[in-house]
Amino acid sequence: MKLGIVGLPNVGKSTLFNAITHAGAESANYPFCTIEPNVGVVAVPDERIYKLAEIYNSKKIVPTAIEFYDIAGLVAGASKGEGLGNKFLSHIREVEAIVHVVRCFQNEDVVHVSGGIDPLRDIETINLELMLSDMELLERRLEKSQKLAKNDKSLRLEVEVIKKALQVLEEGKSLRTLDLTDDEAALLRSFNMLSSKPIIYIANISESDVGSEEENPYVNQVKEFAATEGAEVVVVSAEIEEEISQLDEEERKEFLADLGLTESGLDKLVQASYRLLGLISFLTAGEPESRAWTIKRGTPAPQAAGKIHSDIERGFIRAEVIHYDDLMAHGGSMASAREKGLVRIEGKDYIMKDGDVVHFRFNV
Ligand code: GDP
(Lines give C-alpha, C1' and ligand atoms only; values in the text may rest on other atoms or scores of the structure.)
Protein backbone atom coordinates (compact mmCIF):
# COMPACT_ATOMS: atom_id res chain seq x y z
CA MET A 1 0.00 0.00 0.00
CA LYS A 2 2.06 2.91 -1.18
CA LEU A 3 1.11 6.44 -2.07
CA GLY A 4 3.25 8.44 -4.44
CA ILE A 5 3.85 12.14 -3.84
CA VAL A 6 3.94 14.04 -7.13
CA GLY A 7 3.89 17.67 -8.16
CA LEU A 8 5.81 20.20 -10.22
CA PRO A 9 9.26 21.27 -8.98
CA ASN A 10 9.34 23.79 -6.11
CA VAL A 11 5.82 23.19 -4.85
CA GLY A 12 6.94 21.76 -1.50
CA LYS A 13 7.12 18.01 -2.12
CA SER A 14 10.49 17.49 -0.44
CA THR A 15 9.46 19.69 2.45
CA LEU A 16 6.35 17.60 2.97
CA PHE A 17 8.33 14.42 2.49
CA ASN A 18 10.84 15.57 5.10
CA ALA A 19 7.97 16.04 7.50
CA ILE A 20 6.96 12.47 6.72
CA THR A 21 10.35 10.91 7.28
CA HIS A 22 11.66 13.37 9.93
CA ALA A 23 14.83 12.63 8.06
CA GLY A 24 15.83 15.79 6.28
CA ALA A 25 16.19 14.64 2.66
CA GLU A 26 17.62 17.30 0.39
CA SER A 27 15.20 20.17 -0.09
CA ALA A 28 16.91 22.66 -2.31
CA ASN A 29 15.53 25.50 -4.28
CA TYR A 30 15.97 23.99 -7.72
CA PRO A 31 14.24 21.40 -9.89
CA PHE A 32 15.26 17.71 -9.88
CA CYS A 33 16.85 17.85 -6.42
CA THR A 34 15.56 14.42 -5.50
CA ILE A 35 16.25 11.85 -8.17
CA GLU A 36 15.63 8.43 -6.69
CA PRO A 37 12.18 7.88 -5.34
CA ASN A 38 12.43 7.77 -1.58
CA VAL A 39 10.14 5.92 0.71
CA GLY A 40 8.85 7.51 3.89
CA VAL A 41 6.94 5.61 6.50
CA VAL A 42 4.44 7.45 8.66
CA ALA A 43 2.50 6.17 11.65
CA VAL A 44 -1.27 6.23 11.38
CA PRO A 45 -2.44 8.31 14.36
CA ASP A 46 -4.75 6.22 16.55
CA GLU A 47 -5.60 7.26 20.11
CA ARG A 48 -7.21 3.88 20.73
CA ILE A 49 -4.00 1.89 21.04
CA TYR A 50 -2.76 4.29 23.74
CA LYS A 51 -5.97 3.81 25.74
CA LEU A 52 -5.74 0.04 25.29
CA ALA A 53 -2.13 0.09 26.45
CA GLU A 54 -3.22 1.79 29.69
CA ILE A 55 -5.89 -0.84 30.32
CA TYR A 56 -3.62 -3.78 29.53
CA ASN A 57 -0.44 -2.34 30.97
CA SER A 58 1.18 -2.98 27.63
CA LYS A 59 4.95 -2.77 27.45
CA LYS A 60 4.88 -1.62 23.83
CA ILE A 61 2.59 0.44 21.65
CA VAL A 62 2.77 -0.25 17.93
CA PRO A 63 0.81 1.95 15.55
CA THR A 64 0.23 0.86 12.00
CA ALA A 65 1.86 2.82 9.19
CA ILE A 66 1.54 3.76 5.56
CA GLU A 67 4.25 4.45 3.05
CA PHE A 68 4.78 7.47 0.86
CA TYR A 69 7.03 7.53 -2.17
CA ASP A 70 8.63 10.82 -3.07
CA ILE A 71 8.35 10.91 -6.85
CA ALA A 72 10.16 14.13 -7.68
CA GLY A 73 10.82 15.71 -11.02
CA LEU A 74 7.61 15.34 -12.95
CA VAL A 75 7.54 18.20 -15.43
CA ALA A 76 5.62 19.20 -18.53
CA GLY A 77 6.68 16.89 -21.34
CA ALA A 78 7.40 13.94 -19.05
CA SER A 79 5.32 11.59 -21.18
CA LYS A 80 7.62 12.51 -24.08
CA GLY A 81 10.71 11.83 -21.99
CA GLU A 82 11.35 15.43 -20.84
CA GLY A 83 13.20 15.87 -17.56
CA LEU A 84 13.41 12.42 -16.08
CA GLY A 85 10.05 11.77 -17.69
CA ASN A 86 9.35 8.13 -18.29
CA LYS A 87 11.22 7.01 -15.21
CA PHE A 88 8.89 9.02 -13.03
CA LEU A 89 5.81 7.85 -14.82
CA SER A 90 6.86 4.25 -14.23
CA HIS A 91 7.28 5.00 -10.52
CA ILE A 92 3.75 6.36 -10.41
CA ARG A 93 2.54 3.18 -12.06
CA GLU A 94 3.82 1.23 -9.03
CA VAL A 95 1.84 3.13 -6.39
CA GLU A 96 -1.69 2.49 -5.27
CA ALA A 97 -2.71 6.15 -5.03
CA ILE A 98 -1.38 9.61 -5.82
CA VAL A 99 -0.79 12.56 -3.51
CA HIS A 100 -0.51 15.62 -5.74
CA VAL A 101 1.10 18.62 -4.06
CA VAL A 102 -0.07 21.93 -5.49
CA ARG A 103 1.60 25.22 -4.70
CA CYS A 104 -0.73 27.73 -3.06
CA PHE A 105 1.96 29.62 -1.10
CA GLN A 106 3.56 32.91 -2.04
CA ASN A 107 7.30 33.10 -1.60
CA GLU A 108 9.31 35.56 -3.66
CA ASP A 109 12.51 33.63 -2.95
CA VAL A 110 11.24 30.41 -4.44
CA VAL A 111 10.92 30.46 -8.20
CA HIS A 112 7.95 28.78 -9.80
CA VAL A 113 8.99 26.72 -12.82
CA SER A 114 6.15 28.09 -14.93
CA GLY A 115 6.05 31.64 -13.61
CA GLY A 116 3.43 32.82 -11.12
CA ILE A 117 1.25 30.82 -8.75
CA ASP A 118 -1.56 29.11 -10.62
CA PRO A 119 -2.77 25.88 -9.04
CA LEU A 120 -5.15 24.98 -11.86
CA ARG A 121 -2.44 25.27 -14.51
CA ASP A 122 -0.16 23.12 -12.29
CA ILE A 123 -2.81 20.45 -11.80
CA GLU A 124 -3.54 20.40 -15.51
CA THR A 125 0.16 20.19 -16.39
CA ILE A 126 0.68 17.08 -14.31
CA ASN A 127 -2.65 15.47 -15.11
CA LEU A 128 -1.98 16.01 -18.81
CA GLU A 129 1.28 14.03 -18.60
CA LEU A 130 -0.52 11.17 -16.87
CA MET A 131 -3.31 11.26 -19.45
CA LEU A 132 -0.90 11.35 -22.39
CA SER A 133 0.94 8.37 -21.01
CA ASP A 134 -2.35 6.48 -20.57
CA MET A 135 -3.45 7.43 -24.06
CA GLU A 136 -0.30 6.10 -25.63
CA LEU A 137 -0.65 2.76 -23.84
CA LEU A 138 -4.33 2.47 -24.65
CA GLU A 139 -3.85 3.26 -28.32
CA ARG A 140 -1.27 0.51 -28.64
CA ARG A 141 -3.47 -1.90 -26.75
CA LEU A 142 -6.53 -1.02 -28.82
CA GLU A 143 -4.74 -1.85 -32.03
CA LYS A 144 -3.73 -5.27 -30.70
CA SER A 145 -7.10 -6.05 -29.09
CA GLN A 146 -9.05 -5.06 -32.20
CA LYS A 147 -7.03 -7.48 -34.31
CA LEU A 148 -7.40 -10.33 -31.83
CA ALA A 149 -11.10 -9.61 -31.17
CA LYS A 150 -11.91 -10.70 -34.72
CA ASN A 151 -11.33 -14.29 -33.64
CA ASP A 152 -11.85 -13.96 -29.91
CA LYS A 153 -15.21 -12.66 -28.72
CA SER A 154 -14.01 -12.42 -25.13
CA LEU A 155 -11.93 -9.41 -26.13
CA ARG A 156 -14.92 -7.36 -27.27
CA LEU A 157 -15.54 -5.91 -23.83
CA GLU A 158 -11.90 -4.88 -23.69
CA VAL A 159 -12.17 -3.09 -27.01
CA GLU A 160 -15.31 -1.31 -25.77
CA VAL A 161 -13.65 -0.20 -22.55
CA ILE A 162 -10.54 1.06 -24.30
CA LYS A 163 -12.63 3.09 -26.72
CA LYS A 164 -14.62 4.62 -23.87
CA ALA A 165 -11.43 5.41 -21.99
CA LEU A 166 -9.78 7.00 -25.02
CA GLN A 167 -12.82 9.17 -25.61
CA VAL A 168 -12.67 10.57 -22.06
CA LEU A 169 -8.95 11.21 -22.39
CA GLU A 170 -9.47 12.99 -25.70
CA GLU A 171 -11.94 15.28 -23.92
CA GLY A 172 -9.05 16.22 -21.61
CA LYS A 173 -10.43 14.42 -18.58
CA SER A 174 -8.71 11.95 -16.27
CA LEU A 175 -9.85 8.33 -16.36
CA ARG A 176 -11.05 8.60 -12.78
CA THR A 177 -14.00 10.63 -14.09
CA LEU A 178 -15.07 7.70 -16.30
CA ASP A 179 -18.39 6.05 -15.44
CA LEU A 180 -17.99 2.26 -15.72
CA THR A 181 -19.76 -0.93 -14.72
CA ASP A 182 -17.97 -3.15 -12.19
CA ASP A 183 -16.70 -5.47 -14.93
CA GLU A 184 -15.44 -2.60 -17.03
CA ALA A 185 -13.79 -0.98 -14.02
CA ALA A 186 -12.02 -4.23 -13.12
CA LEU A 187 -10.73 -4.49 -16.67
CA LEU A 188 -9.47 -0.92 -16.65
CA ARG A 189 -7.76 -1.52 -13.29
CA SER A 190 -5.90 -4.44 -14.83
CA PHE A 191 -4.38 -1.98 -17.35
CA ASN A 192 -2.89 -0.06 -14.41
CA MET A 193 -3.61 3.37 -15.84
CA LEU A 194 -2.14 6.47 -14.19
CA SER A 195 -5.00 8.91 -14.51
CA SER A 196 -7.48 6.49 -12.94
CA LYS A 197 -5.50 6.07 -9.72
CA PRO A 198 -7.19 7.43 -6.62
CA ILE A 199 -5.85 10.89 -5.84
CA ILE A 200 -5.61 13.43 -3.02
CA TYR A 201 -4.73 17.02 -3.83
CA ILE A 202 -2.57 18.78 -1.26
CA ALA A 203 -2.99 22.54 -1.24
CA ASN A 204 0.33 23.76 0.18
CA ILE A 205 -0.29 27.15 1.77
CA SER A 206 1.86 29.79 3.48
CA GLU A 207 2.43 29.59 7.22
CA SER A 208 0.56 32.88 7.56
CA ASP A 209 -2.56 31.39 5.95
CA VAL A 210 -2.88 28.54 8.43
CA GLY A 211 -6.20 28.90 10.23
CA SER A 212 -7.68 31.16 7.56
CA GLU A 213 -7.30 28.93 4.52
CA GLU A 214 -10.83 29.62 3.28
CA GLU A 215 -9.59 33.11 2.43
CA ASN A 216 -6.90 31.74 0.16
CA PRO A 217 -8.41 31.88 -3.36
CA TYR A 218 -5.94 29.25 -4.64
CA VAL A 219 -7.21 26.72 -2.12
CA ASN A 220 -10.75 27.28 -3.34
CA GLN A 221 -9.66 26.74 -6.93
CA VAL A 222 -8.09 23.42 -5.98
CA LYS A 223 -11.23 22.38 -4.11
CA GLU A 224 -13.47 23.25 -7.04
CA PHE A 225 -11.32 21.25 -9.42
CA ALA A 226 -11.05 18.26 -7.08
CA ALA A 227 -14.84 18.17 -6.79
CA THR A 228 -15.10 17.53 -10.54
CA GLU A 229 -13.08 14.33 -10.01
CA GLY A 230 -14.71 13.37 -6.72
CA ALA A 231 -11.26 13.80 -5.11
CA GLU A 232 -10.34 15.03 -1.65
CA VAL A 233 -8.25 18.09 -0.83
CA VAL A 234 -6.00 18.33 2.23
CA VAL A 235 -4.75 21.79 3.11
CA VAL A 236 -1.30 21.94 4.72
CA SER A 237 1.63 24.24 5.12
CA ALA A 238 4.51 21.92 4.31
CA GLU A 239 6.94 24.22 6.07
CA ILE A 240 4.98 24.09 9.30
CA GLU A 241 4.61 20.34 8.99
CA GLU A 242 8.36 20.03 8.72
CA GLU A 243 8.77 22.10 11.89
CA ILE A 244 6.13 20.12 13.73
CA SER A 245 7.73 16.83 12.77
CA GLN A 246 10.87 17.81 14.68
CA LEU A 247 9.04 18.42 17.96
CA ASP A 248 8.34 15.93 20.69
CA GLU A 249 4.77 14.99 21.59
CA GLU A 250 4.28 17.71 24.26
CA GLU A 251 5.79 20.53 22.21
CA ARG A 252 3.78 19.39 19.25
CA LYS A 253 0.47 19.67 21.10
CA GLU A 254 1.42 23.17 22.31
CA PHE A 255 2.51 24.26 18.85
CA LEU A 256 -0.76 23.07 17.31
CA ALA A 257 -2.82 24.66 20.08
CA ASP A 258 -1.06 28.00 19.45
CA LEU A 259 -2.19 27.75 15.84
CA GLY A 260 -5.70 26.87 16.97
CA LEU A 261 -5.43 23.33 15.57
CA THR A 262 -6.11 19.92 17.10
CA GLU A 263 -4.32 17.85 14.50
CA SER A 264 -1.45 18.42 12.11
CA GLY A 265 -1.80 18.57 8.35
CA LEU A 266 0.16 15.34 8.18
CA ASP A 267 -2.40 13.62 10.42
CA LYS A 268 -5.12 14.85 8.07
CA LEU A 269 -3.17 13.57 5.09
CA VAL A 270 -2.67 10.14 6.64
CA GLN A 271 -6.35 9.86 7.49
CA ALA A 272 -7.43 10.97 4.02
CA SER A 273 -4.98 8.45 2.51
CA TYR A 274 -6.45 5.70 4.63
CA ARG A 275 -9.97 6.56 3.45
CA LEU A 276 -8.84 6.85 -0.15
CA LEU A 277 -7.30 3.38 -0.12
CA GLY A 278 -10.33 1.85 1.61
CA LEU A 279 -8.29 0.86 4.66
CA ILE A 280 -9.38 0.21 8.24
CA SER A 281 -7.57 -0.82 11.43
CA PHE A 282 -8.27 -3.65 13.78
CA LEU A 283 -6.60 -3.73 17.18
CA THR A 284 -4.90 -6.29 19.39
CA ALA A 285 -4.11 -5.68 23.04
CA GLY A 286 -2.24 -7.45 25.79
CA GLU A 287 0.63 -7.03 28.19
CA PRO A 288 3.39 -7.40 25.61
CA GLU A 289 1.88 -4.84 23.22
CA SER A 290 -1.13 -2.87 22.06
CA ARG A 291 -1.17 -2.65 18.35
CA ALA A 292 -3.09 -1.48 15.30
CA TRP A 293 -3.13 -3.48 12.06
CA THR A 294 -4.11 -2.32 8.60
CA ILE A 295 -6.55 -4.24 6.42
CA LYS A 296 -8.76 -3.45 3.45
CA ARG A 297 -12.40 -2.78 4.29
CA GLY A 298 -14.29 -6.05 3.72
CA THR A 299 -11.50 -8.38 4.88
CA PRO A 300 -12.71 -11.62 6.56
CA ALA A 301 -11.30 -12.61 9.97
CA PRO A 302 -8.83 -15.33 8.82
CA GLN A 303 -7.14 -13.02 6.29
CA ALA A 304 -6.97 -10.30 8.93
CA ALA A 305 -5.30 -12.84 11.25
CA GLY A 306 -2.85 -13.53 8.44
CA LYS A 307 -1.57 -9.96 8.80
CA ILE A 308 -0.29 -10.94 12.23
CA HIS A 309 1.12 -14.29 11.16
CA SER A 310 0.44 -16.73 8.34
CA ASP A 311 0.21 -19.56 10.93
CA ILE A 312 -2.78 -17.87 12.55
CA GLU A 313 -4.54 -17.64 9.21
CA ARG A 314 -3.75 -21.26 8.36
CA GLY A 315 -4.83 -22.63 11.75
CA PHE A 316 -7.70 -20.18 12.26
CA ILE A 317 -10.40 -21.50 14.61
CA ARG A 318 -12.31 -18.41 15.68
CA ALA A 319 -11.97 -14.77 16.63
CA GLU A 320 -13.04 -13.28 19.94
CA VAL A 321 -14.11 -9.78 19.09
CA ILE A 322 -15.28 -6.74 20.96
CA HIS A 323 -15.63 -3.35 19.41
CA TYR A 324 -13.35 -0.72 20.97
CA ASP A 325 -16.34 1.55 21.69
CA ASP A 326 -18.17 -1.24 23.53
CA LEU A 327 -15.11 -1.96 25.61
CA MET A 328 -14.74 1.70 26.52
CA ALA A 329 -18.44 1.98 27.33
CA HIS A 330 -17.65 -0.55 30.08
CA GLY A 331 -14.78 1.43 31.48
CA GLY A 332 -12.33 -0.73 29.55
CA SER A 333 -13.19 -3.78 31.63
CA MET A 334 -13.12 -6.90 29.51
CA ALA A 335 -14.75 -8.89 32.34
CA SER A 336 -17.70 -6.56 32.58
CA ALA A 337 -18.09 -6.40 28.79
CA ARG A 338 -17.95 -10.19 28.65
CA GLU A 339 -20.73 -10.44 31.27
CA LYS A 340 -22.91 -8.22 29.09
CA GLY A 341 -22.29 -10.56 26.16
CA LEU A 342 -20.37 -7.93 24.21
CA VAL A 343 -17.43 -10.20 23.48
CA ARG A 344 -18.52 -12.06 20.37
CA ILE A 345 -17.24 -15.36 19.03
CA GLU A 346 -16.86 -14.97 15.27
CA GLY A 347 -16.08 -17.57 12.61
CA LYS A 348 -14.18 -17.53 9.34
CA ASP A 349 -16.87 -15.60 7.45
CA TYR A 350 -16.83 -12.66 9.84
CA ILE A 351 -16.00 -9.37 8.10
CA MET A 352 -13.74 -7.25 10.28
CA LYS A 353 -14.71 -3.73 11.28
CA ASP A 354 -12.61 -0.71 12.05
CA GLY A 355 -11.91 -0.64 15.79
CA ASP A 356 -12.51 -4.33 16.44
CA VAL A 357 -10.36 -5.48 19.36
CA VAL A 358 -9.55 -9.08 18.50
CA HIS A 359 -8.09 -12.19 19.97
CA PHE A 360 -7.59 -14.97 17.44
CA ARG A 361 -7.76 -18.66 18.44
CA PHE A 362 -5.83 -20.98 16.17
CA ASN A 363 -4.33 -24.48 15.84
CA VAL A 364 -0.61 -24.73 15.40
P1 GDP B 1 9.89 20.40 -4.36
O2 GDP B 1 10.76 20.78 -5.50
O3 GDP B 1 8.45 20.31 -4.77
O4 GDP B 1 10.35 19.20 -3.62
O5 GDP B 1 9.89 21.66 -3.37
P6 GDP B 1 10.66 21.85 -1.98
O7 GDP B 1 10.01 21.10 -0.89
O8 GDP B 1 12.12 21.67 -2.21
O9 GDP B 1 10.34 23.39 -1.73
C10 GDP B 1 10.83 24.39 -2.58
C11 GDP B 1 11.01 25.64 -1.78
O12 GDP B 1 9.73 26.11 -1.33
C13 GDP B 1 11.87 25.46 -0.54
O14 GDP B 1 12.72 26.58 -0.43
C15 GDP B 1 10.86 25.44 0.60
O16 GDP B 1 11.40 25.99 1.76
C17 GDP B 1 9.75 26.33 0.05
N18 GDP B 1 8.47 25.90 0.63
C19 GDP B 1 7.94 24.65 0.64
N20 GDP B 1 6.78 24.62 1.31
C21 GDP B 1 6.55 25.88 1.73
C22 GDP B 1 5.52 26.50 2.50
O23 GDP B 1 4.56 25.86 2.97
N24 GDP B 1 5.64 27.84 2.71
C25 GDP B 1 6.69 28.57 2.23
N26 GDP B 1 6.75 29.86 2.49
N27 GDP B 1 7.69 28.03 1.54
C28 GDP B 1 7.63 26.70 1.29
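Hi everyone, let me start with a sorting rule: Ala, Val, Leu, Ile, Met, Phe, Trp, Tyr, Cys and Pro count as nonpolar, Asp, Glu, Lys and Arg as charged, and the others, Gly among them, as polar. What we have here is a predicted model, where local features need pLDDT of at least 70 and side-chain atom pairs count only at pLDDT 80 or more, while totals for chains, interfaces and linings use all residues. Residues are numbered from 1 along each chain as its sequence is written, and side-chain values use heavy atoms, with hydrogens and water left out.

Let's begin with the ligand. Which residues come nearest to it? They are Asn10, Lys13, Ser14, Thr15 and Glu239, out of 19 residues around the ligand, counting a residue if one of its heavy atoms lies within 4 Å. By class, that shell has eight nonpolar, eight polar and three charged residues. H1 gives the most to the shell, with three residues; helices here are DSSP runs (H or I, at least four residues), strands are runs of E (at least two), and both are numbered from the N terminus.

Now for some polar contacts, meaning pairs of N or O atoms within 3.5 Å. A polar side-chain atom of Glu239 sits 2.7 Å from a ligand oxygen. For Glu207, a side-chain N or O atom is 2.8 Å from a nitrogen of the ligand, and for Ser237 the distance to a ligand oxygen is 3.3 Å. On its own the ligand has 580 Å² of accessible area, and the protein covers 91% of that (Shrake-Rupley method, 1.4 Å probe).

On to the pockets. A pocket is an open set of points on a 1 Å grid over the protein atoms alone, where a 1.4 Å probe fits, with protein on both sides within 12 Å along at least five of seven lines; lining residues have an atom within 4 Å of a point. Points are joined across faces, edges and corners, and a volume is the space filled by probe spheres set on them.

The largest pocket holds about 760 Å³. Its lining has 29 residues, with Ala43, Pro45, Glu249, Arg252 and Asp267 closest to the centre. By class, the lining has 15 nonpolar, five polar and nine charged residues.

How big is the second largest pocket? Its volume is about 530 Å³. Arg176, Arg189, Ser196, Lys197 and Pro198 lie nearest its centre, among 20 lining residues. Helix H6 (residues 182-190) gives the most, with four. By class, this lining has 11 nonpolar, three polar and six charged residues.

Note on methods
Polar contact = N/O pair within 3.5 Å; in protein donor to acceptor, adjacent residues only side chain to side chain.
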